[in-house]
Amino acid sequence: MTADYFAFFGLQPALALDLKDLEKRFLDLSRRYHPDLNARKPAAEREAALEASAILNDAYRTLREPIARAMYLLKREGFDIGEQTTKDVPPELLEEVFELNMALEELKDGDTDALPQIAAARERFLASRNEVDGEIGAKFAEWDAQHSRDTLSAIRGLLNRRKYISNLIEKTNVPD
Amino acid sequence: MFQIEFGENDDKVVGIDLGTTNSLVAWMNLTKPEVLPGEDGDKLVPSVVSLTTDGAIIAGNAARKELIDHPDRTIYSVKRLMGRGVADVQDELKLFPFRIAEGSDSVIQVRLGERTFTPPEVSAFVLKQLKKNAEAALGAPVTKAVITVPAYFNDAQRQATRDAGRIAGLEVLRLVNEPTAAALAYGLDKRKEGIIAVYDLGGGTFDISILRLHDGIFEVLATNGDTHLGGDDIDNRLMRIALEDIQSEWKEDISHSGEAVQTLRRDVIAAKEALSFAPVVHLKFSWNGKSYDRELTRELFEGLIKDIVDRTLGPCRDCMKDAGVTPEQIDEVVMVGGSTRIPLVRSAVEVLFRARPHTELNPDEVVALGAAVQAGILSGTVENQLLLDVTPLSLGIEMYGGVVSKLIHRNSTIPASAGEVFTTGVDGQTNVLIHVLQGERELAKDCRSLARFDLKGIPPMPAGMARIEVRFLIDANGILSVTAKDARTGQEQSIEVKPSYGLTDEQVEAMIEASIEHAQEDLDAAQVAMARVDADGILAAVAKAQRDAAYDGLDGEERACIEAAIREVQAVYHSDDHEKIREKIDLLNEVTRGLAETMMNTAVRGALRGTHV
């Protein structure tokens, strides 16, 4: 349960990963650990293969997604990745959120005039998320080059902001 | 040593498609999967079970005949009840003549004549019939099987299927998802890379799976489906029309006569099947000297079932979305299940995926064939192929306020695991109750309750101090197990499991014993047969070893000892006492251990030399 996901794949901890290479490692390790290919071994080995196979799948799921990978690395480096704080949210967004909530209220009351405004807000949130993703990508490269805790701290802030924006996008996903 | 090396290879692992309407058993005949027919020559064993008036249980074709003569003693489509509670199946009860016994709570009890059975027991009778067919066809005992389940089956439904296997005397080596099995059967591994969609519309369930193929590895990307959608629903549509027609023509409601309804159902199914090959058919039905004849055009039929076919398309789109693929990216589409013979189903699939679906293999057989391939993978006779399947539903635990916290998301590759730390909320609290659920909804009441786990024996301490690490593991069968340990002491924590639906381990054990009692002679005979198979194995292996150079290296006494042990095995070979045969096999195994080790070491050295060159 405490296995190091990077070590499991024979990799050094890194935030920008070559996904083709990761997939190849995953498939090779699957051929080694999958319970189906260990079915005729003694019970203890079967048990161990099941454990290893579960960890392999959990690790692959975590490392192949950039956000999950970054969260995992932060946790591994001792960062607390609990609740987001509003300090990570840009002030101009807070204003947008206020207006969005008003529009959503109106929609709830049956006023469909608010729909274009919600759609426009959604576009802006999607654009901000793209922007954040770009920044996160740059920070990934920065951390991989020189393992600095300041970079990780910045990534944590960006991840919180991203989560906040994603929640907003979710909110604007109203049926037509 | 020889026993381990050679004896186990003699065990034949069969692949079983335990279907809603029909079931089949298949095996790997050298390199090719093959369906094994029953003694009557039929490959399809109807999933029908009947209790005869003299108290015997029959299954398959014999039982299907009883559907009309003794509908109250006969049951079909029991797969619809597997792993479900009485409250879940109320809709089914309106359409299917299940007789649920009074007092069934978390486990349904169905009545056949004067006896009651749980759905796994009923399914076990079908499995026993398949086991018997396979043993007769192969001339050897069959004790291990791969059984297929709909991909969208939840934990309780999977457990119920595994229980059925155990009750039938089968060691269930793997539950494999039907659509994935079908992909194996098609031998699509010939293609190095590609994306495959498997559309599986069976008698009672619908599954869609999307797989990516990489060099022999079938990686399921996503799966979706509906465990209550299938050919039965189409039959019910036609039944309703026919019953209404008959009511108005004959001024008689025949729907209360089980016998009449079953006869009509048979005729409706025949008309439906004929419509796949002809544009117009006649639905003919005679009862008590009256007859009914109605023309059915394909056009009318298609209008009637269009919404059922459309209901399969939503899960297909969701599945593509989850898999992150577009219709253009799908290279091959495989069709599974009898209902995919319907032209409207084929054209809907073709339009959706923009690809002509594969229909070369018999859609009734393809799942069983795939199960046999999987059996081959497990027993090592099929190499370079591997299935990486996923869990169809998210797994979560209930939090305060009835909200579900998801631990393992749907479409995660299995085996999969997740850990969670629990603590106490009150000073001195010694147990913690964990409610585990499956489903995609936010609230526990909208998800499927799997079980309640009671963590017991927590030492009393102030609230929030205890740290119990709980690990949830979904194995390659898609079945959950839970372990817990005290994070402070590292000690395993005891857990009491109360499954929400289905049988406890004790109940399954009791059923296995009951079924053994009923069939003690069968079991004895099977054990004797198995012991003889093992005796054949070791005698052949030792005979071969006697021609090896290592044998010449033994001294005279050792050789005499081995020869004596061979004679002892031969002497008891034809006795009916399997324990005596086993005893002599073990003796022979013991006296040849040194020889086997010498040979093994030589072989290993040879192999190592080979790899280093």
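How many residues does the contact take from chain B, and how many from chain A? Before I answer, please keep in mind that what we are looking at is a predicted model. The contact draws 21 residues from chain B and 16 residues from chain A. On the side of chain B that touches chain A, at least two residues each are supplied by β11 (171–177), α11 (366–379), β18 (386–388), β21 (416–422) and β24 (468–474) of chain B. Sorted by class, that side of chain B is made up of 12 nonpolar, six polar and three charged residues.

Let me turn now to a pair of helices in chain A. Helix α5 (residues 91–108) of chain A and helix α6 (residues 115–145) of chain A have axes that come within 9 Å and cross at roughly 145 degrees, and the crossing of α5(A) and α6(A) is left-handed. From α5(A), the contact is made by A:L93, A:E96, A:L100, A:A103, A:L104 and A:L107, while α6(A) brings A:L115, A:Q117, A:I118, A:A121, A:R124 and A:S128. In terms of class, this contact of α5(A) with α6(A) has eight nonpolar, two polar and two charged residues.

As for burial, the buried residues of α6(A) are A:A121, A:F125, A:S128, A:V132, A:K139, A:F140 and A:W143, and what covers them includes α5 and α7 (149–171) of chain A. Of these buried residues, A:A121 and A:S128 also take part in the contact with α5(A).

How values were computed
Residues numbered from 1 in each chain as written. Chains lettered and ligands numbered in written order. Predicted model: local features only at pLDDT ≥ 70, side-chain atom pairs only at ≥ 80, totals over all residues. Contact = placed C-beta atoms within 7 Å. Helix = DSSP H or I, 4+ residues; strand = E, 2+ residues; numbered from the N terminus. Nonpolar A, V, L, I, M, F, W, Y, C, P; charged D, E, K, R; others polar. Axes fitted to C-alpha atoms, helices over the stretch in contact; angles between N-to-C directions. Left-handed = near helix turned anticlockwise from the far one by under 90°. Buried ≥ 20, exposed ≤ 12 C-beta atoms within 10 Å, placed from the backbone.
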